[in-house]
Amino acid sequence: MRRRKAGRRVLGRRGVKRQPERPAGFAIMRPGGFRPTSATRDKWRRVAARQRDAIFLDAYRRARHLWLAGFDAVFPAGTYWLARFARVTVAAG
């Protein structure tokens, strides 16, 4: 009922069938070209989540660089695959 009052229409079966099978490109699927990793409408929670992700990725990249160079490295908490299959050392969470 709200849709009708707002003047919006349903695409319908024919309209759906006329659409291409896949999106034309990545930009259509992800406006702005970013990968959403946290789902919240609260701006400050998003900012905090991005900061946590950036800190994790920085620590992970440093540890991976050391590990690939042959040194002992401590990966940040949350590193799963390497801990399980490559037996790397992971910091306590």
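Begin by selecting Asp58, which counts as partly exposed because its relative accessibility is 38%; in this tour buried means under 20% relative accessible area, exposed means over 50%, and partly exposed is in between, with a 1.4 Å probe and protein chains only. Before going further, note that this is a predicted model, in which local features need pLDDT of at least 70, side-chain atom pairs count only at pLDDT 80 or more, and totals for chains, interfaces and linings use all residues. Residues are numbered from 1 along each chain as its sequence is written, and side-chain values use heavy atoms, with hydrogens and water left out.

An α-helix has 3.6 residues a turn, so residues three or four places apart point the same way. Arg62 is exposed, because its relative accessible area is 57%.

**Along helix α4**

Stay with Asp42 for a moment, and look at the start of α4, where a side-chain oxygen of Asp42 comes within 3.1 Å of the backbone nitrogen of Trp44. Now select the whole of α4, residues 43-68, which has 26 residues and reaches 37 Å from its first C-alpha to its last, close to the 38 Å expected at 1.5 Å a residue; the expected span is 1.5 Å times one less than the number of residues. Helices (H or I, at least four residues) and strands (E, at least two) are DSSP runs, numbered from the N terminus. After α4 comes Gly70, which has a positive phi, near 100°.

Within α4, pick Ala63, which counts as buried because its relative accessibility is 4%. If its neighbours within four places in sequence are left aside, Ala63 is in contact with Ala73, Val74 and Phe75, contact meaning heavy atoms within 4.5 Å. Ask the viewer for the distance from Ala63 to Thr89 as well: the two are 26 residues apart in sequence, and their C-alpha atoms are 9.8 Å apart in space.

**Aromatic rings**

Select Phe56, Tyr60, Trp67 and Phe75 together, and you have one aromatic cluster. The structure holds four aromatic pairs. Trp81 and Phe85 form a tilted aromatic pair, with 5.0 Å from centre to centre and 45° between the planes. Rings of Phe, Tyr and Trp (its six-membered ring) pair if their centres lie within 6.5 Å, and planes under 30 degrees apart count as stacked, over 60 as edge-to-face and the rest as tilted. Trp81 and Phe85 both lie in helix α5, four residues apart. Are these two residues buried or exposed? Trp81, at 54% relative accessibility, counts as exposed, while Phe85 is partly exposed, with a relative accessible area of 48%.

**The loops on either side of α5**

Next select Thr79, in the loop between β1 (74-75) and α5 (81-86). Thr79 counts as buried, because its relative accessibility is 9%. A polar atom of its side chain lies 2.8 Å from the backbone oxygen of Pro76, and, not counting residues up to four places away in sequence, Thr79 touches Phe56, Tyr60 and Val90.

Then move to Arg87, in the loop between α5 and β2 (89-90). Most residues other than glycine have a negative phi, and most peptide bonds are trans. Phi of Arg87, however, is positive, near 55°. Arg87 is exposed, with a relative accessible area of 69%.

**The whole chain**

Finally, clear the selection and view the chain, whose secondary structure comes to five helices and two strands, running α-α-α-α-β-α-β from the N terminus on. Of its 93 residues, 10% count as buried.

Note on methods:
Polar contact = N/O pair within 3.5 Å; in protein donor to acceptor, adjacent residues only side chain to side chain.
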